[in-house]
Amino acid sequence: MHNSPTLDEYSAAAARRLFRQRYAIDEQVLGSLLEVALSRGGDYADLYFEHRSSSSIAFEEQKVKTASGGITQGLGVRVLSGDSTGYAYTEDLSLASMRQAAATAARICDRGSNPGPAGVVDGAGPDRYRVEQPSIEVSSADKLALIRRADEAARAYDPSIIRVNVSFVEEVKHVLVATSEGRLAADYQPMLRFNVQCLSEVGNSRQMAVDGGGGRLGMEYFIDHPPESIAREAARQAVTLQRGVDAPAGYLPVVLGAGESGILLHEAVGHGLEADFNRKKTSNYSDRVGQQVASELCTVVDDATIGHGRGTINVDDEGNAGQENVLIRDGVLQGYLQDRISAKHFGVAPSGNGRRESFRHYPMPRMTNTYMLAGQSTPDEIIHAVKRGLYAKAFSGGQVNISNGDFVFSVTEGYLIEDGQVTHPVKNVNLIGNGPDTLSKVTMVGHDFTLSDGRWTCGKDGQSVPVGVGIPTVLVSGITVGGTQQ
Amino acid sequence: MSARPPAASSQAPTGFGRAAADELLTVAEDVCRQARTAGATDADVLVGSGTEFSVTIRRDEVENIVEASSRALGLRVIKDGRVSISYSSDFTPAALRQFVADAVERASISDVDEAAGLPDTGEFGSLDAAGLELYDSRLASVDAGQAIELARRCEQAAFAADARITNSGGAGFGRTMGIRALVNSRGFSSWYAGSSASISAEVMADDAEGKKRNDYWYTADRFFDRLESPEHVGRRAAERAVRKIGAKKVPTRAVPVVWDPEVSRTLAGLLAHAASGELLYRRATFLLDLEGQAIASPLLNLVDDATLVSRQGTQPFDGEGLVGRRNDIFRQGQFVQFLLDTYTARKTGRASTHNAARGTGGPPTVGTTNLLLLPGASSPQEIIGSVDDGFYLTELLGFGDNITTGDFSRGAGGLWIEHGQLTFPVAEVNVSGNLKDMIRGLEMVGSDVDYRSATVAPTVKIGQMMVSGL
């Protein structure tokens, strides 16, 4: 496990070299493709080259069930004419196919020809996910050793753990973005994810739980996150659920545990602040910049700069630098998550949030790592403040209706709070609230800010991107809990 | 994000006929042969080639036109009981040679799995694809101008339908066309072409409290001529949005719940998921040990049917080359059987039900084709009319289901029913229960059938569920 890779291979420079050497994509080719893209009079064009190498190991019943892997590569060409987008892509990086994709995207316009793009110029970006030990260079035997450690730890946690599934997923993505405004950006984007799923069986009662993590890093992830601790956490949740009582139904105070509850921010405010919805005035946050949209205790940021974070990016998929953006400060809405089209509409700089799933997709405003800053209270004070309510600790996901702001999140580990004490675990339960309403009911914020370990994926209009979430312990004075006990 | 209709799209410059299929089959057969030469005991190769074309407009202006053709190849290698899955989109001979070598090498990472492998020779088969009417070559002739026009008509109809419609999330036309070819080392080699098109719209209204109330509608079919008119789609989207104006929470209590087909489809999908052979051998479904038992209302009939002519989920053969067929999942309330692919069948000592789903990027998994919750005798009006005080559910949010235990808890929206009439709109509530109780409490099943999507379910009524709000 201690071979020393040539780290140069894992950098933006390597991304540029890969496309140049393997596919002969140099400045001249970029210029000529942009020229074709603008040949019918578009206002702007960009090229997004992607080379993605993925592999995964699926482990079940104490055996490697399947080893998977593959490479996808391609080019997406976007041409803008006003607010209209023409988009085409190809997996074939031959010059003829790339030119054809550019010509197809160009058809969004029929104004005749344009003067053509400026030459592209390199810009050096930050390096927020320097990998110490690329997993892709590590032998499968070493990965298997980690997987087996997780499997054993989960089984050893409790005799009721009868099945353990472990997966190790890694990806190395090289991207190159060239724009008709002369920007050229390259990036190397690693991703590692380790997942453990446990089934606890007691008599006829079966409970399943999952835990996992990862981020934009290599095998060094496991130094701070030994596979045993991830496995024990999954096993602990499954065993805890065996004692679960029916969850309450109705409008109750809810204490959100630090970390994963950041899902609430992602759903309650994050999506609603994506600038495309606000440009179209289809979000319940439209026209509300400068207004109080949350309790004064809430400061919410979207931060692409966290080292090695799952949602972290050096540059976004339009070639703009990823950055830290304050969305809500002391409860007041500061601004939106911008991509190029929306930034132009609002007359602001792009905020580095133009992201896409792959070269087959055009970019949209998306979140990176979204979290709430720490407050003053201790977690104990917060729980003690609740007479009867719910303490929500782990989640499987959430969803929001952008237009009316109603959002849900699904609690996989939650407990009753009775007279200021955490008591019984509850069965899986859904919570529903309304973005601005729920955030106005944040009455206490803990000092224990925690970033959830990297395992979240965000879906929008059929496109998935990796994201991060985080939050300190927070009290929401009222939210509708979807249990069965009245 | 908000729920939206499935995006469909695509363009066929050359069409997907015999010539295109032969080219793909040649590549697939060559890859399969190479894998055997490189040491694979068995192999199968799935090749997909297709085009996508979609147009979205919003407030009469073009937002996006996406047009592309693409192809991909997935290879499964079984080497002495060890399995690997590999995928690529680079079809150049040199790249494929390297790809096959890597794939065979990758299998050595896996452990020997007795249940792994292809179906047995002699099990393979295919329905006559031409007779199933899965591909509409005419779709290719719809150009960007026509697509924009269809989308504009749809959105305009929504605005025209009701003055309270104040904004649009967009309207669109999309199509996909393509070929799927499967070849394996035990002699199976077949293909079929498929197409799908859709027209959709999402619009919104403002209510007095300043909240926006949105909803959508869409039409989808394999054949262009069978799409509903764009005007009809726009009007339905508008009707669904304006009926939400003024939506409010209701007090928490247990009531009868009538499920609109848009959401009863979700119920059908959850039941089919619980009947998946993967959850059976993983002991992770609430249907475990219940085969053959009458566990649901006699009104529950759930079927998976790959053989229906021209429907969205129809397929001549499954992801492993087994002939498409019809399987009962629930018959008159009895849980008949699990859905199985070859692997899960071998793991559980059963026979495959020909339900292997497969994409080029992964291994075969258990999936449904056309999943049908069969219609009953009651009209939707009769069902609503039977409820004195209850909830008409039109929208579900979130993923709060636990298929292992059957616990169901989701965000919900809809309309309240009083004395058999739909009255005021309801939002920001949860609806909860346990799937075992819910299927036992299925009291009425509607006669309404809509084949827009591969999962088809009518209006249904469940006697009692918890609705939590205030």
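1. Which domains does the domain assignment of chain A give? There are two entries to keep in mind: domain 1 (7-241) and domain 2 (249-482). Bear in mind as you look around that this is a predicted model.

2. Here is how those parts of chain A sit against each other. The C-alpha centres of domain 1 and domain 2 of chain A are 24 Å apart. Where they touch, domain 1 of chain A puts in 36 residues and domain 2 of chain A puts in 25 residues. On the domain 1 side, the elements of chain A that each supply at least two residues include β1 (44-60), β2 (63-81), β5 (161-179) and α6 (227-241). That side of domain 1 of chain A, sorted by class, has 14 nonpolar, 12 polar and 10 charged residues.

3. Now the overall build of chain A. You'll find 11 helices and 23 strands in it. The radius of gyration of chain A is 24 Å, close to the 23 Å that the globule rule gives for 486 residues, so chain A is as compact as a globular protein of that length. Along its principal axes, the C-alpha trace of chain A spans about 70 × 55 × 35 Å. Of the 486 residues in chain A, 63% are buried. Take the contacts in chain A between residues at least 6 apart in sequence: 77% of them join residues at least 24 apart.

4. A word on confidence. Chain A has a mean pLDDT of 93, and 96% of its residues reach 70 or more. The stretch to watch is residues 1-6 of chain A, where pLDDT stays under 50. For that stretch the model has six contacts beyond four places in sequence. Where pLDDT is low, the predicted coordinates should not be read in detail.

5. In β15(A), 11 of the 13 residues are buried, so the strand is largely enclosed by the rest of the structure. One of its pairings is with strand β8 (residues 249-256) of chain A, parallel and over three bridges. In that region, look for Leu256(A), which stands opposite Ala392(A) in β15(A).

6. β15(A) also pairs with strand β16 (residues 406-418) of chain A, this time antiparallel, with 11 bridges joining them. Arg388(A) is a handy landmark here, standing opposite Glu418(A) in β16(A). β15(A) and β16(A) form a hairpin with five residues between the strands. In this hairpin, Gly405(A) takes a positive phi near 85°.

7. Next, how many residues of chain B are in contact with chain A? The count is 62 residues of chain B, against 67 residues of chain A. Elements of chain B that give two or more residues to its side include β2 (61-79), β3 (82-88), β4 (165-184) and β17 (421-434). β2(B) has the largest share of that side, nine residues. By class, the chain B side that touches chain A has 20 nonpolar, 26 polar and 16 charged residues.

8. Strand β3 (residues 84-90) of chain A pairs with β2(B) in the parallel sense, over five bridges. To find the place on screen, go to Tyr87(A), which stands opposite Val66(B) in β2(B). β3 of chain A also turns up within its own chain, as one of the elements that supply at least two residues to the side of domain 1 that touches domain 2.

Technical notes. Residues numbered from 1 in each chain as written. Chains lettered and ligands numbered in written order. Predicted model: local features only at pLDDT ≥ 70, side-chain atom pairs only at ≥ 80, totals over all residues. Contact = placed C-beta atoms within 7 Å. Helix = DSSP H or I, 4+ residues; strand = E, 2+ residues; numbered from the N terminus. Nonpolar A, V, L, I, M, F, W, Y, C, P; charged D, E, K, R; others polar. Pairing = 2+ DSSP bridges. Domains from an automatic or database assignment. Rg over C-alpha atoms; globule rule 2.2 N^0.38 Å. Buried ≥ 20, exposed ≤ 12 C-beta atoms within 10 Å, placed from the backbone. pLDDT = per-residue confidence, 0-100.
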